[in-house]
Amino acid sequence: MCVDCGRDFELGLRLRCECGGLLEVVHEFPWVDRDLFDGRLSQRSGPYGSGVWRFKELVYPGLDVDRIVSRQEGNTSIYSHRRLTEYTGIGKVAVKHEGENPSGSFKDRGMTVGVSEAMRLGVSSVACASTGNTSASLASFAATTGMNCVVFIPEGMIALGKLAQALSYGATVLQIRGDFDAAMWLVQEASAELGLYLLNSVNPWRIEGQKSIIFELIQQRGWEPPDWIVLPAGNLGNTSAFGKALRELKSQGLIDSVPRLASIQAEGANPFYSLWAEREESLTPMEPHTVASAIKIGNPVSWKKAIRSIEETDGVVEQVSDQEIMDAKAVVDRCGIGCEPASAASVAGARKLVDVGAIDPEDDVVCILTGNLLKDPGATVNYHTGVIEGVSPRFSNTPMVVNADLASVEEALNSLALKGSRKE
Ligand code: F0G
């Protein structure tokens, strides 16, 4: 169904309405209950062992199980840690780590569904524009099927770990001379004209898969929703998916209360924040700047779906600076958990929302970590060595250079009072 004009379409290759609006999948759900999904938790292999397809009836009920293309995605952990509580000021704060997915980001949850659909449709070539993670995930899933994969990435603007993945998995990598928004525009033109099947989150099947972050999170908590779910926001696929997931859990009687969503943008790439804060009618695109390259997006495609998610959940949109993002990341890393910069926007955002009085320190809060620490080693090392412009690291762990002899090592350890066995 078109989210703009409400027109209905049959499932197929079409991804946009004739009016230009984005499409949304409308399911006729079979009967489901918590026991159905809990009963599959012991499965370690096969489609129902996946943290996406465990919820198949809510994700893609009509798909033949044999057609599922899965990498056993999902099944990610929820962690809490004293340092997270100290940093955010929230007693009951936890992080759900989507960086534990097979390609290192939450994108795998959408991609398993999108690529399964591409196979069902019999397409031979798939494409996406990306700030890095979408391309890494699509390249991986395409490689498992043998489909051709073309990725459009902004030249010089994506983290090296992600570029390395796309190259390694054998995608055709087009480095576009322009930013993500230019690549996004171009890939939509190219898919329409050149017969590539588009697997950005404008593809509604991506959204169906990403809903499973919420399904799994709430199932892991014994079907007890938290008060708040805080997530980073870039192209707004996840914000859209989370709202739809909560709407459907409620309508199917799987939860009684709906958590509030908090979408967090980088200050330098904040068109969704401006839209929400200024109560504007439509999104005003901007030129984005942020160290969190994954969310360096000035013209997010899914803003209409996303604003509905915020409104329906009595949610908020907040923004955080690069300084706040990188400091929060250092705290998450120091817990032994670790994440890439964009992910830490959620934790930075939770802290800020406590400061501004939106989140109560007594609230039960889950922050989503969207990507793995190893995705962007450059940003991490640059933080700890103090070379990120405009960021003065509060939690840096600067490497020391020592001569290759014992005396120098002893001197270095003495200077830190680190000699002998000690804990902290
Ligand atoms: N966090 C990470 C690590 C991401 O890679 C992205 C988006 C987001 C957050 C934002 O999620 O777009 O659903 O609001 N990355 C896309 C990509 C744009 O191309 O990999 P969103």
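Author: Axes are lines fitted to C-alpha atoms, and angles run from 0 to 180 degrees between N-to-C directions. This is a predicted model. In it, helix H7 (residues 180–194) runs at about 155° to S3. H7 lies across S3, strand S4 (148–154), S5 and S6.

Reader: In what order do the four strands form the open sheet, and is the pairing parallel or antiparallel?

Author: Strands of a sheet pair through backbone hydrogen bonds, either parallel or antiparallel. Here the order is S5-S4-S3-S6, with parallel pairing. Strand S5 (172–176) and strand S6 (197–198) are the edge strands, each pairing on one side only.

Reader: How many bridges join strand S3 to S6?

Author: Two bridges join S6 to strand S3 (residues 125–129). Tyr197 in S6 is the bridge partner of Val126.

Reader: At what angle do the axes of helix H9 and helix H10 cross?

Author: Angles under 35 degrees count as roughly parallel, over 145 as roughly antiparallel and 65 to 115 as roughly perpendicular, the rest being oblique. The axes of helix H9 (residues 212–220) and helix H10 (residues 237–251) cross at roughly 55° and come within 8 Å. H9 and H10 are therefore oblique to each other.

Reader: Which residues meet there?

Author: Ile213, Ile214, Phe215 and Ile218 in H9 meet residues of H10, among them Phe242, Leu246 and Leu249. By class, the contact of H9 with H10 has eight nonpolar, one polar and one charged residues.

Reader: Which residues come nearest to the ligand?

Author: Of the 20 residues around the ligand, Ser130, Thr131, Gly234, Asn235 and Thr370 come nearest. A polar backbone atom of Gly234 is 2.7 Å from an oxygen atom of the ligand. For Thr131, a backbone N or O atom lies 2.8 Å from a ligand oxygen atom.

Note on methods. Residues are numbered from 1 along each chain as its sequence is written. This is a predicted model: local features need pLDDT of at least 70, side-chain atom pairs count only at pLDDT 80 or more; totals for chains, interfaces and linings use all residues. Side-chain values use heavy atoms; hydrogens and water are left out. Contact means heavy atoms within 4.5 Å. Ala, Val, Leu, Ile, Met, Phe, Trp, Tyr, Cys and Pro count as nonpolar, Asp, Glu, Lys and Arg as charged, and the others, Gly among them, as polar. Two strands pair if DSSP finds at least two bridges between them. A residue is near a molecule or strand if one of its heavy atoms lies within 4 Å of it. A polar contact is a pair of N or O atoms within 3.5 Å; within protein, one must be able to donate a hydrogen and the other to accept it, and residues adjacent in sequence count only if both atoms are side-chain atoms.
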